[in-house]
Amino acid sequence: MESGQVEPLSEENPHLFSFDSISDYVIPQRALCGRLVTCTARRYKIIGFPVVINDDRYERNAFYYNVCFVFEAQADVSCYEPVVRKCARVLQELEESTAFLSSPETASQIPEILEIMYEDLSSLGEVSIPIKDTQLNLKVFPHLPNPPQVEDWMVPICLINLEKLTDDAWDMTLSKVIPFIDGINHVRRIAELADADPALTRSALEHLLYYQAILMIDIFSFSNLYAWNPAVAHLVDDPSVQEECALYVTRTDYPLPAFPILLQLYAKLVVPNTTVHDWLVSTSADTVHGIDARRFVTFGVIKGFLRRVHRWPILLDRRRSAATIVPGARPNDPQRGRTFSTRGGSSPSDGVNTSGFTNRSSDRHASASGFTMRSDHTATGGFSSSLSRTVGAASGSPLDTRKSLLSSSFQQQQQLLQRSAPGQSPKALHTSLPPLDIAPAARHRARTDSGQTGRGPPLAVQLGYPPSLLAMLDGTHHDDELCVKYARGWSDLERILAVVGGVKDFAGAASAPGQLGNVRLILK
């Protein structure tokens, strides 16, 4: 035969492969004995563990045997390797103690044992065979790959009923986390609700992910974008998935829509730059067909024919953006781009701690921290900032002049945000910021000049965004990560990115998808 051709089985050729072609690997030389040997013949893979027992009682002073398992050539046999090794070693112990393999009286039982092993391992994945005074117990443990890293913005969905499986012997963190896995809460939210350490929560969910008890999806939001995956072909060809889709996405008080209607709704959802909110407004799927938007999207993501399109913000010109947020900065000003100006020869380390937000545990000490910023929504839909403790300064002092300058710039930015969305509802702008820390030198100046013990707000916070945000606008952090990190919705974050990008007319910028002045949104 030509190389690569496979001769089909027939009455003239009833064998899977020719034994002569693999005999050197099934009954190998001594150098290969005691090792796992795998070879491929035609469309099949043979795996064995040859053994040689040296003893004067044998005719040739040695006894060779090998129990081989046959699989399809493309099969993953990693989970069977321990089974092959154990089977060979158990038979070796029987032969050395009772001559079970070489004795004519007991050797006749081997074909029956092999048949039982084949049937039970194929159907049950385990087998238990009593052989004289020994029990041959074999079990196939599936070889599972390491789970992907769990991130704070991922949403776990249970594939089995975990609450029925839990008992007092389970890990404490796992027992606290499981009740809050509902397909809606993301990982950080679950850690907060369970009052568990975020790192331990991620580790516990990775264990569940390893055993395929849960799967991870993206955060559902009405501002999300979606696109097709090639697996949509299976949705069209599989009637069972079509029926399951209608049952899953339709509310109980509505009749089940036909599959062509559901497919048409999915097609309208994946139109470029169409958010879930836009899709819901244009199709009225919730009122006309009784479609639950969250379950509609989740079903597509779980089945693999929908994929999330993330927004990856990237800051094009960092120096220009830094200059726009420093009041009175000149192009050649050495202070350009700093988030907190120093005076009196202080080093840059006296400025703001740019690591971002402090730990949530610092909230409980907010009354003693001196400064807490909280953004509340006004009647016009903009932001209004309130400080838990204001820092007063003597009239006419340099600090007073500088604070007036910062306050004026802050008010201008707030007015910009208010004009950016005149019809924005207050609910969409609801947000709360935890306290931020300032370096000791800056805190000392605030106490000296104001006569109070409060902390002064860093400039980036006064302009409406955390100082660590600029470092994350490098195109490697997507919208879900930023929203969870800073506890804001996309509508709030988009306006903050507009401020960073120097946009003066947010309504006009919103009409050009992906462009927020000096900030670009990469969709992928």
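Which residue in S16 is the bridge partner of tryptophan 312? In S16, that partner is isoleucine 522. The structure is a predicted model, in which local features need pLDDT of at least 70 and side-chain atom pairs count only at pLDDT 80 or more, while totals for chains, interfaces and linings use all residues. Residues are numbered from 1 along each chain as its sequence is written, and side-chain values use heavy atoms, with hydrogens and water left out.

Helices (H or I, at least four residues) and strands (E, at least two) are DSSP runs, numbered from the N terminus; two strands pair if DSSP finds at least two bridges between them. Strand S12 (residues 311–315) runs antiparallel to strand S16 (residues 519–523), and five bridges join them. S16 also pairs in the antiparallel sense with strand S15 (residues 515–516), over two bridges. Here leucine 516 stands opposite valine 519. Two residues lie between the strands of the S15 and S16 hairpin, where glycine 517 adopts a positive phi near 65 degrees.

A further antiparallel pairing, over six bridges, links strand S6 (residues 126–131) with strand S7 (residues 134–139). Proline 130 is placed opposite glutamine 135 of S7. This hairpin likewise has two residues between its strands, and lysine 132 takes a positive phi near 55 degrees.

Helix H10 (residues 239–249) has as its buried residues Val241, Gln242, Cys245, Ala246 and Val249. Because these residues cover an arc of only 140 degrees around the axis, they are on the same side of H10; the arc is that of the directions from the helix axis to the C-beta atoms. The face turned away from the buried side carries the exposed residues Pro239, Glu243 and Leu247. Buried denotes under 20% relative accessible area and exposed over 50%, with a 1.4 Å probe and protein chains only. The cover over the buried residues of H10 includes helix H9 (232–237), helix H11 (259–269) and H14.

A cavity is a set of points, on a 1 Å grid over the protein atoms alone, where a 1.4 Å probe fits but cannot get out; lining residues have an atom within 4 Å of a point. Three cavities of 30 Å³ or more are counted. Ile217, Asp218, Phe220, Tyr226, Arg294, Val297, Thr298 and Val301 line the largest cavity. Helix H14 (residues 293–303) gives the most to this lining, with four residues.

Methods
On a 1 Å grid over the protein atoms alone, a cavity is a set of points where a 1.4 Å probe fits but cannot get out, and a pocket is an open set with protein on both sides within 12 Å along at least five of seven lines; lining residues have an atom within 4 Å of a point. Grid points are joined across faces, edges and corners, and a volume is the space filled by probe spheres set on the points. Contact means heavy atoms within 4.5 Å.
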